[in-house]
Amino acid sequence: MADQLSKEERKKRREKRNNQNEKAKSWLREWLDALMFAAVAALIIRTFFFEAYRIPTPSMEKTLLTGDFLIVSKINYGPRTPMVLGVPFTNIHLPGLVLPWTRLPGFEEVERNDIVVFNYPIDLAPIAAKTNYIKRAVGMPGDSLYLDDAQLYVNGEKATPFPGIQQTYTVKVRDRVRLSPAKVKAAGAQLYRQQGSNGYRVNMTKQIAEKMSQWPEVTSVDPFVLPEDFNEFRQSKFNFSSGFNNHHHLSPFKVPSAGDTVSLTPENYHIYENIITRYEGNNVEQNADQFIINGEETNKYTIQQDYYFVMGDNRDNSEDSRFWGFVPQSHIVGKAGMIYFSWDSERWFPRFGRLLDVIHD
């Protein structure tokens, strides 16, 4: 009888352990299913709706600061379907394989002066695997642009100024007086270097420059402009800028738009070379003033997509379209929407005043 009871007890214990194991497996399965659902949902949201982005450089200061974390909306301009096969949430992708893709409808077009995130066109990688950049779209498809004394002109008129735009100024002070770096920093400007005995290069907004000109030790504050004949681009690594002298002076050119037919010459080919070869995939040979495109001798080319000209708001501390040229429409990722967090790496402290700030163009 005792032996029979012990067998029944062992059977009950086995059944209890089995039930516990089943409950544990069920609990684990539920968590795995929940995690899988969350991962798939996050991937869909990141691919088609919104994506987080961190500002790594000062090229957009004061508008956006290094250490700002943004929400970028992909639905404004229309999300792109997947372009490569890769590991989700990483930049790891299968090399050599580019998927057929399209851009889904958005509810607006890129507008002048929008702050946009895009894939850096010059990178040698599939579009979606290229580095993300953020700049202000100052030139729309079909616009005529030029820069004179660092001033941008759009369709013959001065470009709209923005309070956050910075540039370099030459600040001169009275004899035997020193411009205090601490005072400059407290004013919201950045002192680059001293020039001679009483001159300084300072990066700041126009509003700060106007206030600084009233300081008792300051005698003059003037925008610093490179001479027109100063060849900053003499050994340019970019095709576009190789035909200009420096980023303060760009002779007139047109931002290409889909359907435009352009006449190619040795003098203007630097403007269109990346468009024709790199972004639109044609083979081009040049023989003096004659061009052969995909085996056909012609000096005409029809642009296949829209392009944009972008600049950083920190005008003298931004490598942008003035250097490497246009952003193809295919490279547009989305529109900067909101700052959800901001980290000040100098003070090692959050910038609480910038949290949840909506980015105003």
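How many helices and strands does the chain have? I counted 5 helices and 22 strands.

Notes on the source. The model is predicted, so I kept local features only at pLDDT of at least 70 and side-chain atom pairs only at pLDDT 80 or more, while totals for chains, interfaces and linings use all residues. I number residues from 1 along each chain as its sequence is written, and side-chain values use heavy atoms, with hydrogens and water left out.

Entry: the whole chain. I looked up burial and found that 40% of the 361 residues count as buried. Buried here is under 20% relative accessible area, exposed is over 50%, and partly exposed is in between (1.4 Å probe, protein chains only). The accessible surface of the chain is about 20,300 Å², and 53% of that belongs to carbon and sulfur atoms. Areas come from the Shrake-Rupley method with a 1.4 Å probe; for residues, only the protein chains shown count as cover. I then turned to contacts, meaning heavy atoms within 4.5 Å. Among contacts with a separation of 6 or more, 63% are between residues 24 or more positions apart.

Entry: helix α4. Is this helix enclosed or open to the outside? I found 8 of the 11 residues of α4 (residues 269-279) buried, so the helix is largely enclosed by the rest of the structure. The buried set holds Tyr269, His270, Ile271, Tyr272, Asn274, Ile275, Ile276 and Tyr279. Just after α4, I noted a positive phi of about 70° at Gly281.

Entry: Gly139. I placed Gly139 in strand β4 (residues 132-139). Gly139 is buried, at a relative accessible area of 0%. Which residues does Gly139 contact, leaving aside neighbours within four places in sequence? I listed Leu145, Val255, Tyr307, Tyr308 and Phe309. For Gly139 and Phe309, the C-alpha atoms are 4.6 Å apart in space, although the two are 170 residues apart in sequence.

Entry: Met311. This residue is in strand β18 (residues 307-311). I read a relative accessible area of 1%, so Met311 is buried. Not counting residues up to four places away in sequence, Met311 touches Met60, Lys135, Arg136, Val138, Leu147, Leu152, Asp320 and Arg322. I also checked Met311 against Arg322, 11 residues apart along the chain, and got 7.4 Å between their C-alpha atoms.

Entry: salt bridges. Side chains of opposite charge can pair when their charged atoms come close. I searched the whole structure and found 12 salt bridges, each a side-chain nitrogen of Lys or Arg within 4 Å of a carboxyl oxygen of Asp or Glu.

The side chains of Asp68 and Arg351 form one of them, at 3.7 Å from N to O. This pair links distant parts of the chain, 283 residues apart: Asp68 is in strand β2 (residues 68-73), and Arg351 is in the loop between β21 (349-350) and β22 (357-358). I found both Asp68 and Arg351 buried.

Next I looked at Lys335 and Asp114, whose closest N and O atoms are 3.9 Å apart in a salt bridge. Lys335 lies in strand β20 (residues 332-344) and Asp114 in the loop between β2 and β3 (115-119), so the pair ties together parts that are 221 residues apart in sequence. Lys335 is buried at 15% relative accessible area, and Asp114 is buried at 4%.

Lys183 and Glu217 also form a salt bridge, with the closest N and O atoms 3.1 Å apart. The pair links distant parts of the chain, with Lys183 in helix α2 (residues 181-186) and Glu217 in the loop between α3 (206-212) and β11 (218-223), 34 residues apart. I noted Lys183 as partly exposed, at 35%, and Glu217 as buried, at 10% relative accessibility. Finally, salt bridges with shared partners join Asp68, Arg351 and Arg354 into one network.

Entry: a nonpolar patch. I found Leu28, Trp31, Leu32 and Leu35 in a nonpolar patch on the surface, with about 430 Å² of accessible area together. Patch residues have over 30% relative accessible area and no salt bridge; like charges are joined within 9 Å, nonpolar side chains (Val, Leu, Ile, Met, Phe, Trp, Tyr) within 5 Å. Leu28 lies in helix α1 (residues 2-48) and is partly exposed, at 46% relative accessibility.

Note on methods:
Helix = DSSP H or I, 4+ residues; strand = E, 2+ residues; numbered from the N terminus.
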